[in-house]
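Please find below a colleague's note on the model. It is set out as numbered points for reading beside the structure.

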Amino acid sequence: MAAAAATTFSELSAFKLVSSRPNSSSLTVFSSLKLPSATNSPNYSFKALKSQLNPQRHHRITSPLRSTTTTPDAASTVTTFHGLCYVVGDNIDTDQIIPAEYLTLVPSNPVEYEKLGSYALIGLPSSYETRFIDPGEIKSKYSIVIGGDNFGCGSSREHAPVALGASGVAAVVAESYARIFFRNSVATGEVYPVESEGRLCKECKTGDVVTIELGESDSKLINHTSGKEYKLKPIGDAGPVIKAGGIFAYARKTGMIPSR
Amino acid sequence: MASLTIFPSSSAFIKKDVSLSAFSSQPSFYVKSSKKRVCKKIASVMAPQQSERKPSTTGSVKTGLTLTEKILARASEKTQLVPGENVWVNVDILMTHDVCGPGAFGIFKKEFGENAKVWDREKVVIIPDHYIFTTDERANRNVDILRDFCTEQNIKYFYDIKDLGNFKANPDYKGVCHVALAQEGHCRPGEVLLGTDSHTCTAGAFGQFATGIGNTDAGFVLGTGKLLLKVPPTLRFVMDGEMPDYLLAKDLILQIIGEISVAGATYKAMEFVGTTVESLTMEERMTLCNMVVEAGGKNGVVPADNTTYKYLEEKTNLPYEPVYSDGQARFLQEYKFDVSKLEPLVAKPHSPDNRALARECKDVKIDRVYIGSCTGGKTEDFMAAAKVFLASGKKVKVPTFLVPATQKVWMDVYSLPVPGSGGKTCSQIFEEAGCDTPASPSCGACLGGPRDTYARMNEPQVCVSTTNRNFPGRMGHKEGQVYLASPYTAAASALTGFVTDPREFLQ
């Protein structure tokens, strides 16, 4: 058991390291965890990324259920997320995701990046009795957020997807997104913005254990707690940008900017 | 080229007339299910070829383009493009402020190197405006970070502030970025303006493509002067009729957002045309375009005309070339409004699309009024409020906070005579009405901000505000209730202590 936990731990820390890196190149690691392909940017080695990160991060992970792992599949590349989900409603705007008073924190500053994470979704009204981050904690136990329509509406503040990513969220599954939030999620690689086919915010409850599988041809969300499966929409145009590893990696790959 | 198959990659181009000549008294009408169905995917399919068809000798078939499509086509050096296409666009102006600038610079340096230089020191405009008059150390530090970067990069346009105790002691300081961009002549027809703020869409009032982006995208633009953008389809809003004297552009945009919902324009351009729009001043057009993002819109545009050229006359030396939608341009949907039938509106808590008639909210007791922000803190917004106070002659019943958007607006408030007042300035009228003294220009409490921000809502109160968003916690307190309204409606409400239709005073 200890061995298995250790394996899970290192896989998780691999992905978690990815999402904690406050810039778009984090997605390069994400894609590099799949089967090697010619399209992966050769410029970021996984080891290099690991060494730049705050080693304290590893201690935050308390349960294997919070983990998100990418599991390369022999036949095709499948991206997987797994963990507890936190369910919110429609029109969750950026002020609820990260209230304006915390915007003095600069996301590209590693210490302030962590602080942003500790305030993720603190702006949700008190009608949300189960809070996203437990009092006294600075990380969330939920790695997947499930929302309704127009998730992330409001401000262009990149602090919003950053706060979610820094708090431990790996993916958001929403019925639809506001465009700037979606763009920022893709550009930063902080959270993977998944679109659902239906209103999963009505089907799932906070605390349900879910798995998201994003395949080349089809994607689904499995709710282990309810036993149901739901279809997810393909990523669409943002796919090549995410696959390349964010806007900078994509631009380098397509020759828009010189390689490093 | 043997054949040409046109796949509209986004939605069908449905030209639909939705006449809204009579405004019913139903509050916040929108059919949730229909807003998603507006886009129907139609792929046109070629019939199999019967015989060989020689390519046209006059070049590829050209279809009409909308104003937005034309700007993006020119900026991406393409002769044709269709909505849904992703294009690399040359950026004319990149704007950032104290909240997002530091993060954008951090990414710029990380990606392009510590010694990298911005792509064009004259095309980056840096405007501290969000958290300025505060003792919050990090907020103050962020302005210092802007200064260090501007010094190092020799940025031409940096509207700096050092003396926080006296804004007038800072000759370069402007205030709210979107108003400053316009006042300083950085908004020009036909250009592409990107900013690290959602209300960057305000500049579309000048007939340009203007939209908000995040730090990472901004970091990319800083290094390259380009960005990958998806071409949006256009929704057209035709507003005709003489603008009643109790209505302002704020009422028009609240009407529209209430109609199509907060996601009704997601990924779309909103084009405003018609005789009413043509009659609007530049500041009113800015108000209209400002809240495009509240409908989910990517950008808003008002075609440039004499009003635009006149405004720009003293402000910019740079040449510009306006563009206009072709006659055969395809619009996703068209909405028509007879403005003479509209009435003053509010957006009730907690959503900008929670539309209601101001007169139907007259029993809502309020605790305060806020007049300010890029949406409702411009010179004409204060003139409008002053007009209502003047017409009443009475004092306000609740604390009324006034935050001019920029130094120039502040000076106008203290110097321009209000028509019909016998030479009084707005500031005098405000003082006589018992309003708070106009504050130092900045974004102020529109978005809450650090705890010591002037007029921040720190208790669960009810506020009528000329700002742009009223989601929970927007102005500070999570249980605060914000009613979005025009300056006329805000002033009228201040006078009664209840949400009030300005016709109570203006007719």
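This is a predicted model: local features need pLDDT of at least 70, side-chain atom pairs count only at pLDDT 80 or more; totals for chains, interfaces and linings use all residues.

1. Residues are numbered from 1 along each chain as its sequence is written, chains are lettered from A and ligands numbered from 1 in the order in which they are written, and side-chain values use heavy atoms, with hydrogens and water left out.

2. In chain A, helix α5 (residues 110-118) packs against α6(A) at an angle of about 85°, with the axes 7 Å apart. That makes α5(A) roughly perpendicular to α6(A) (65 to 115 degrees; under 35 is roughly parallel, over 145 roughly antiparallel and the rest oblique). Helices are DSSP runs of H or I of at least four residues, and strands are runs of E of at least two, numbered from the N terminus. Axes are lines fitted to C-alpha atoms, for helices over the stretch in contact, and angles run from 0 to 180 degrees between N-to-C directions.

3. A:Y113, A:L116 and A:G117 of α5(A) meet A:H159, A:V162, A:A163, A:G165, A:A166 and A:S167 of α6(A), contact being heavy atoms within 4.5 Å. Five of the residues in this contact are nonpolar, four are polar and none is charged. Here Ala, Val, Leu, Ile, Met, Phe, Trp, Tyr, Cys and Pro count as nonpolar, Asp, Glu, Lys and Arg as charged, and the others, Gly among them, as polar.

4. Helix α6 (residues 159-167) of chain A also packs with helix α7 (residues 179-188) of chain A, at an angle of about 55° and with axes 8 Å apart. The two helices, α6(A) and α7(A), are therefore oblique to each other. On the α6(A) side, A:A160, A:P161 and A:L164 meet A:F181, A:N184, A:S185 and A:T188 of α7(A). This contact of α6(A) with α7(A) has four nonpolar residues, three polar and no charged.

5. In chain B, helix α3 (residues 101-112) and helix α6 (residues 215-224) pack at about 55°, their axes lying 8 Å apart. That makes α3(B) oblique to α6(B). Residues of α3(B) in the contact include B:F105, B:I107 and B:F108, and those of α6(B) include B:F220 and B:L222. Eight residues of the contact between α3(B) and α6(B) are nonpolar, six are polar and none is charged.

6. Where does the lining of the largest cavity come closest to its centre? Of the 23 lining residues, B:H130, B:D197, B:H199, B:L447 and B:R474 are the closest to the centre. The lining of the largest cavity comprises nine nonpolar, ten polar and four charged residues. Helices α5 (177-183) and α11 (373-376) of chain B each supply at least two residues of this lining.

7. The peptide bond from B:P349 to B:H350 is cis, with omega near -5°, and B:H350 lies in the loop between β13 (345-347) and β14 (355-357) of chain B. A:N150, a residue other than glycine, has a positive phi, near 55°; A:N150 is in the loop between β2 (142-146) and α6 of chain A.

Technical notes: On a 1 Å grid over the protein atoms alone, a cavity is a set of points where a 1.4 Å probe fits but cannot get out, and a pocket is an open set with protein on both sides within 12 Å along at least five of seven lines; lining residues have an atom within 4 Å of a point.
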